[in-house]
Amino acid sequence: MNIDITGKAVVITGAAQGIGRALALGLAADGARVAVLARDRARAQAVVEEIAALPDAPPALALAADVSDEAEVGAAAAEVDAAFGRVDALINNAGWMPGSQPVLRTDVAVLERVLRSNLIGGFLTTKHFAPLMIRGGGGRIVYMSSIAAVQAVAGGAPYSGSKAALNMLSAVTHVELVGQGIRTVAIAPGLTDSPGMREVATAEQIEKTAATYPGGRIGAPEDLVGLVTFLCSDAANHLSGTVVTVRPPAPR
Ligand SMILES: NC(=O)c1ccc[n+]([C@@H]2O[C@H](COP(=O)([O-])OP(=O)(O)OC[C@H]3O[C@@H](n4cnc5c(N)ncnc54)[C@H](OP(=O)(O)O)[C@@H]3O)[C@@H](O)[C@H]2O)c1
């Protein structure tokens with residue numbers, strides 16, 4: 001089996017920090033031409049410069065867009081097209097984890113913000129980047145879901161709801177676009193060490209969850225590089241429309 005992504009053009013959203021940044025560095029180290037998309041171009045550029053310091057990584061591209069803003073996503077797609085001339089994979093990683101939000105105490109503005117980043121963002125990037133993939137003969141869309149999509153936890157309605165919806169967006173996109181060469185997949189990590197996670201998880205929650213995971217530790221963003229590299233490679237060409245769960249739900 002040949003797991004090779006050399007030269008593939010891969011767009012990664014929310015890539016200034018955390019899981020997105022680790023994927024940008026990891027896929028570039030594996031030979032992909034990476035477009036690093038972040039809300040703030042200077043933060044995207046900082047990751048591009050980290051990539052430039054890697055031995056043998058192809059030059060990367062910094063893109064600025066809020067994924068919930070259709071005009072900005074459309075402009076980012078045009079920029080990638082001008083720079084790379086094609087898109088082979090889109091990693092819909094941008095997302096917001098709002099922490100515990102009990103239904104009876106949560107302002108609807110929190111729900112709207114979660115849905116804008118986590119669901120509308122994935123919808124708009126699919127709408128604007130998939131046509132470039134189709135034009136080039138097909139490609140892979142990865143939706144960064146979560147184990148929260150299938151685990152009901154008190155306070156999880158906005159986030160879990162957004163990720164469950166993302167799983168269905170991935171499944172529907174498969175049905176609509178598989179005939180045009182698009183493969184989709186939602187991947188569902190469990191607790192993973194990132195700046196966003198550190199803002200909302202308690203030390204007790206991290207320790208309790210780590211005890212149930214391989215090696216007795218929570219995930220590192222880098223743990224996802226192998227899976228995403230495989231999914232972007234031709235070796236995964238007959239995998240589509242499904243959810244890949246990284247770890248089972250931690251007991252609550
Ligand atoms: N860490 C975990 O335990 C875990 C587990 C399962 C799934 N996930 C998912 O994995 C993904 C990455 O999370 P992470 O842990 O790396 O979190 P993170 O450290 O909070 O990073 C998320 C990134 O997404 C960006 N983002 C959010 N909304 C955006 C928008 N509307 N437009 C553009 N960028 C936006 C953020 O940009 P700003 O810095 O500009 O806000 C941030 O750079 C998320 O979808 C998250 O839900 C995380």
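In the predicted model, helix 4 (residues 108-135) and helix 5 (residues 157-177) cross at roughly 20 degrees, and their axes come within 9 Å. Because angles under 35 degrees count as roughly parallel, helix 4 and helix 5 are therefore described as roughly parallel to each other. In this pair, helix 4 passes helix 5 in a right-handed crossing. On the side of helix 4, the contact is made by Leu111, Val114, Leu115, Asn118, Leu119, Gly122, Phe123, Thr126, Ala130 and Ile134, while helix 5 contributes Pro158, Tyr159, Ser162, Lys163, Ala165, Leu166, Leu169, Thr173 and Leu177. Sorted by class, the residues in the contact of helix 4 with helix 5 comprise 13 nonpolar, five polar and one charged.

Helix 1 (residues 18-29) takes part in two further helix pairs, with helix 2 and with helix 8. With helix 2, helix 1 packs at an angle of about 30 degrees, the two axes lying 10 Å apart, and helix 1 and helix 2 are therefore roughly parallel to each other. Helix 1 passes helix 2 in a right-handed crossing, and the residues that make the contact are Arg21, Ala24, Leu25 and Ala28 from helix 1, together with Val47, Glu50 and Ile51 from helix 2. By class, five of the residues in the contact of helix 1 with helix 2 are nonpolar and two are charged, with no polar residue.

The packing of helix 1 with helix 8 (residues 225-232) is at an angle of about 60 degrees, with the axes 10 Å apart, and helix 1 and helix 8 are therefore oblique to each other. The crossing of helix 1 and helix 8 is right-handed. Here the contact is made by Ala22, Leu23, Gly26 and Leu27 of helix 1, and by Val225, Val228, Thr229 and Cys232 of helix 8. The contact of helix 1 with helix 8 has six nonpolar and two polar residues by class, and no charged residues.

The strands of the model form an open sheet, in which seven strands are arranged in the order 3-2-1-4-5-6-7 with parallel pairing. Strand 3 (61-64) and strand 7 (242-245) stand at the edges of this sheet, and because each has a single partner strand, one side of each is left without a neighbour in the sheet. From one strand to the next, the twist averages 20 degrees.

Taken as a whole, the protein chain has eight helices and seven strands. Its radius of gyration is 17 Å, close to the 18 Å that the globule rule gives for 252 residues, so the protein chain is as compact as a globular protein of that length. Along the principal axes, the C-alpha trace of the protein chain spans about 50 × 35 × 35 Å.

Notes. Residues are numbered from 1 along each chain as its sequence is written. This is a predicted model: local features need pLDDT of at least 70, side-chain atom pairs count only at pLDDT 80 or more; totals for chains, interfaces and linings use all residues. Side-chain values use heavy atoms; hydrogens and water are left out. Two strands pair if DSSP finds at least two bridges between them. Helices (H or I, at least four residues) and strands (E, at least two) are DSSP runs, numbered from the N terminus. Axes are lines fitted to C-alpha atoms, for helices over the stretch in contact, and angles run from 0 to 180 degrees between N-to-C directions. Angles under 35 degrees count as roughly parallel, over 145 as roughly antiparallel, 65 to 115 as roughly perpendicular and the rest as oblique. A crossing is left-handed if the near helix is turned anticlockwise from the far one by less than a right angle, and right-handed if clockwise. Contact means heavy atoms within 4.5 Å. Ala, Val, Leu, Ile, Met, Phe, Trp, Tyr, Cys and Pro count as nonpolar, Asp, Glu, Lys and Arg as charged, and the others, Gly among them, as polar. The radius of gyration is taken over C-alpha atoms; the globule rule is 2.2 Å times the number of residues to the power 0.38.
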